[in-house]
Amino acid sequence: SSLRNYTDEEGVNGDYQNRAYVYGRTGEPCRNCGTEIERVKLAGRSSHYCPECQPGPRVRRKPPGKKTKLR
């Protein structure tokens with residue numbers, strides 16, 4: 001979204017950027033827990049997140065004893 005320069009058809013500035021919990025706040029404390037906001041690049045775009053409130057994806061592991069078939 002065009003957070004910094006958005007205006008509606010009446011010329012009123014949008015205020016989403018004032019309510020965003022993480023977007024554009026790299027290095028600032030999370031408003032929820034105080035942990036420093038981090039930024040990563042995904043497919044050429046920035047993504048901001050709190051590593052405490054929004055942990056990364058869980059790694060799926062194969063159950064022990066299962067073998068992968070080779071074709």
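The model is a predicted one, in which local features need pLDDT of at least 70 and side-chain atom pairs count only at pLDDT 80 or more, while totals for chains, interfaces and linings use all residues. Residues are numbered from 1 along each chain as its sequence is written, and side-chain values use heavy atoms, with hydrogens and water left out.

The protein chain holds one helix and two strands, arranged along the sequence as α-β-β. Here helices (H or I, at least four residues) and strands (E, at least two) are DSSP runs numbered from the N terminus. Contacts are counted when heavy atoms lie within 4.5 Å. Of those in the protein chain between residues at least 6 apart in sequence, 8% link residues at least 24 apart.

Attention now turns to R25. This residue sits in the loop between α1 (16-19) and β1 (38-42). R25 counts as buried because its relative accessibility is 9%. With neighbours within four places in sequence set aside, R25 touches A20, C30, R31, I37 and H48.

Side chains of opposite charge can pair when their charged atoms come close. In this model, R25 and E28 join their side chains in a salt bridge at 3.2 Å, N to O. The rule asks for a side-chain nitrogen of Lys or Arg within 4 Å of a carboxyl oxygen of Asp or Glu, and by it the count is one salt bridge. E28 is classed as partly exposed because its relative accessible area is 36%, whereas R25 is buried at 9%.

H48, one of the contacts of R25, belongs to strand β2 (residues 45-49). H48 is likewise classed as buried, since its relative accessibility is 13%. Neighbours within four places aside, H48 is in contact with V22, Y23, G24, R25, T26, I37, E38 and R39. With T26, H48 also forms a side-chain to side-chain polar contact at 3.4 Å. Such a contact is a pair of N or O atoms within 3.5 Å; within protein, one must be able to donate a hydrogen and the other to accept it, and residues adjacent in sequence count only if both atoms are side-chain atoms.

Key:
Buried < 20%, exposed > 50% of the residue type's maximum accessible area, 1.4 Å probe, protein only.
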